[in-house]
Number of protein chains: 2
Amino acid sequence: MKSDAKFTLADLAQLAGVSTSTASRALKNNPLIKQATREKVQSLAREHNYSVNAAASRLRTQKTNVIAVILNLIDDTEQSISDPFLLKIVAELNKALNAAGYELLLSNSFMASDDWANYFITSQRADGLIVVGQGKSNEKIDKAAAAGVPLVVWGEPTTPSSYPIIGGNNRRGGYLATTHLIEGGCKHILFLGDPDHAEMTERHAGYEQALREHGLTPDPALTKPIDITSKAAYDCINDTVRQHGLNFDGIVCISDMLALGALKALKERYVNIPADVSIVGYDDITLAELMHPSITTIRQDTQQAAQKMVSQLLKQFEGQPTGSDTVDISLQVRRSTRAEN
Amino acid sequence: MKSDAKFTLADLAQLAGVSTSTASRALKNNPLIKQATREKVQSLAREHNYSVNAAASRLRTQKTNVIAVILNLIDDTEQSISDPFLLKIVAELNKALNAAGYELLLSNSFMASDDWANYFITSQRADGLIVVGQGKSNEKIDKAAAAGVPLVVWGEPTTPSSYPIIGGNNRRGGYLATTHLIEGGCKHILFLGDPDHAEMTERHAGYEQALREHGLTPDPALTKPIDITSKAAYDCINDTVRQHGLNFDGIVCISDMLALGALKALKERYVNIPADVSIVGYDDITLAELMHPSITTIRQDTQQAAQKMVSQLLKQFEGQPTGSDTVDISLQVRRSTRAEN
DNA sequence: GATCGGTTTGCAATCGATTGCAATAGTAAA
DNA sequence: TTTACTATTGCAATCGATTGCAAACCGATC
């Protein structure tokens, strides 16, 4: 089973009594080669455990069949590592890429050098990039795109860009979440999350839009620009309650992680959820359903997201036109909000 | 900035007025080359955005500097994708590998062909493997190891094997968790998790040991061999309570995800945690602390785990002896268990 | 038997970097 | 000015697979 000496295409060809060119073509079922020859070569290959040397093949073909997935973390927060949503996207990307015949090289923005184009593409480590998260600035992404790197981003689809951005309809998400709270009778709705971040800006816009459409006036004091961590949400809610008492009856969170933090803070103060305060999260991570009460949230279809990203990337390889696109979202109503007014 | 024509080592060498051999050596600071020459080449390289072609380099050196990380999922359950613990390990591996100059190729056992040795190593896609999770059978792993593939596994360290296995001291973990419950006054302790799985076998052994040492007799009926999903835990607790009433006052879970499911089921039945039933989880995922009540759990040091795995792998590259090893674990006491009797 | 069109196959160059060994430049001693 | 070394640099082979183009083969037709 274990053959110590390397077994190369040349060896295989010799065994089969053909040239390496024939062997190579036979292996990939090239119709130029007679059927019988193909089968012979292929069966010998199987028998001898032959597999194409990827390095050589990549060098010759200038194609790696590898896509680098970059977790573009915001600052140094723990967001990346602890946020199940991002990781779920990575998992789905893994599936989708494999299905398309690509492998997934995992990176994160702290590691990879600043020059993505160079590091991944010029150096022929990958054929393209998928960047998960826009970060606070698009500098690195823009730079890579400007260098002609095939890339796709998970983020806010309406952001003007020269590359396709896939994401949920965040404005609608914010709108749905807020409207649901209002219909449940909420009048003073907190917005938890930093509106400076592209996706969040939209969600916040949807939040304000919903308020206005229902005759409520957005109060800037109710928007809490915090980091995307449960801890930040927990602290924020505690501070707010301490300072102003329970001056709100609903919370729109820009991620389920924040919702969990908020929920914890409120429960510790014996605030009744959803009677006294209703909470809506975002992303529908597994945990949302497991909480007590389970959390109403905006679900983003991650499988569809992965497929769209991969397909946009493949289009770039083929020179076809590409564009930003949205992914389905839907409101998952659970127990952290009141059913109706 | 963007140069369309490929810029190769040869071009760089020509610009610098040296041969490719000199250029190559200069780039990697080979002392054979005069300092001045090195600097000249390096600065030209920077200036022209040169970066070594990985494919060519790999072909020539027979070294990829890539490690394939395989998520070895148990069956078709959602475990992989939803379990934050595994993903945390991946994230830590990413860091540790990068620090050691390696890249991380992400795979999972559904994708990769059955013949890992061939697919990853012979084909020169990676230099070694890190397998996360032993799975229910070691077949694939053993096969790869037998083929001489450098590999390390995250699993139960006491499993006899020809390759190093890194993992927590699971017996001690089970023991600690159970003892803690007993000291809190629990008499009828449920064990939630499938003892068939290597790591879980040990945790279960620790559980039984703790019971015996405290004069309690393990009751087989209290061991619930369920899948590693919150849903399974939720269903299991519901079934048990429905059939036998609340015939237990403590639960040892083999993962926090199970603890969450159990917690939810109990809360829905208005069982008081920890007064009526205490719960201990395993892994200390972020959520454990965020639950209400927060969950007492066994923490495994994932950063240390990643470092040990990587270091064991590097040792294999260097031909040094290797061996299985354990990672620190500790009991994190929170609110889901009673402080004392 | 020569010719022709279509099938199959093989030759040899190529992808870009690395490295053992030979060659040259440089320096100090004779 | 040689000689003897050492410090630098360059030559050319090599890693293994792919592919454009030319060559060989095959059967059929004239």
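Angles under 35 degrees count as roughly parallel, over 145 as roughly antiparallel, 65 to 115 as roughly perpendicular, and the rest as oblique. The model is predicted, so local features need pLDDT of at least 70 and side-chain atom pairs count only at pLDDT 80 or more, while totals for chains, interfaces and linings use all residues. Residues are numbered from 1 along each chain as its sequence is written, and chains are lettered from A and ligands numbered from 1 in the order in which they are written.

Start with a pair inside chain A. Helices and strands here are DSSP runs numbered from the N terminus, with helices being H or I of at least four residues and strands being E of at least two. H2(A) and H3(A) have axes 8 Å apart and pack at about 85°. The axes are lines fitted to C-alpha atoms, for helices over the stretch in contact, and angles run from 0 to 180 degrees between N-to-C directions. H2(A) and H3(A) are therefore roughly perpendicular to each other. On the H2(A) side the contact uses A:Thr22, A:Ala23, A:Ala26 and A:Leu27, and on the H3(A) side A:Thr37, A:Arg38, A:Val41, A:Gln42 and A:Ala45. Contact means C-beta atoms, placed from the backbone, within 7 Å. By class, that contact has 5 nonpolar, 3 polar and 1 charged residues. The classes are simple: Ala, Val, Leu, Ile, Met, Phe, Trp, Tyr, Cys and Pro are nonpolar, Asp, Glu, Lys and Arg are charged, and the others, Gly among them, are polar. In the loop between H2 and H3 of chain A sits A:Asn29, which is not a glycine but has a positive phi of about 55°.

Next, the two chains together. Chain B can be laid on chain A by a turn of 180° and a shift of 0.0 Å along the axis, with an RMSD of 0.1 Å. The two copies are thus related as by a two-fold rotation axis. The superposition is by least squares on the C-alpha atoms of residues with pLDDT of at least 70 in both copies. The same surface serves both: 100% of the contact residues of chain B recur in chain A.

How many residues does the contact take from each chain? The contact takes 45 residues from chain B and 45 residues from chain A. On the chain B side, elements giving two or more residues include H4, helix H6 (84-99) and strand S2 (103-108). H6(B) has the largest share of that side, 6 residues. By class, the side of chain B that touches chain A has 20 nonpolar, 18 polar and 7 charged residues.

One helix pair spans the two chains. The axes of H4(A) and H4(B) come within 8 Å and cross at roughly 140°. That makes H4(A) oblique to H4(B). The crossing of this pair, H4(A) and H4(B), is left-handed, meaning that the near helix is turned anticlockwise from the far one by less than a right angle; clockwise would be right-handed. In H4(A), A:Ala55, A:Ala56, A:Arg58 and A:Leu59 meet B:Ala55, B:Ala56, B:Arg58 and B:Leu59 in H4(B). By class, this contact has 6 nonpolar, no polar and 2 charged residues.

A residue is near a strand if its C-beta atom, placed from the backbone, lies within 6 Å of it. Around DNA strand D there are 26 residues, and A:Leu9, A:Ser21, A:Ala56, B:Ser21 and B:Thr22 come nearest. Elements giving two or more residues to that surface include helix H1 (9-16) of chain A and helix H2 (20-27) of chain B. H4(A) gives the most to the surface near DNA strand D, with 5 residues.

Last, two cis peptide bonds. One joins A:Ile273 and A:Pro274, with omega about 5°; A:Pro274 is in the loop between helix H12 (256-268) and strand S9 (278-283) of chain A. Another runs from B:His292 to B:Pro293, with omega near 0°, and B:Pro293 lies in the loop between H13 and strand S10 (296-300) of chain B.

Notes
Contact = placed C-beta atoms within 7 Å.
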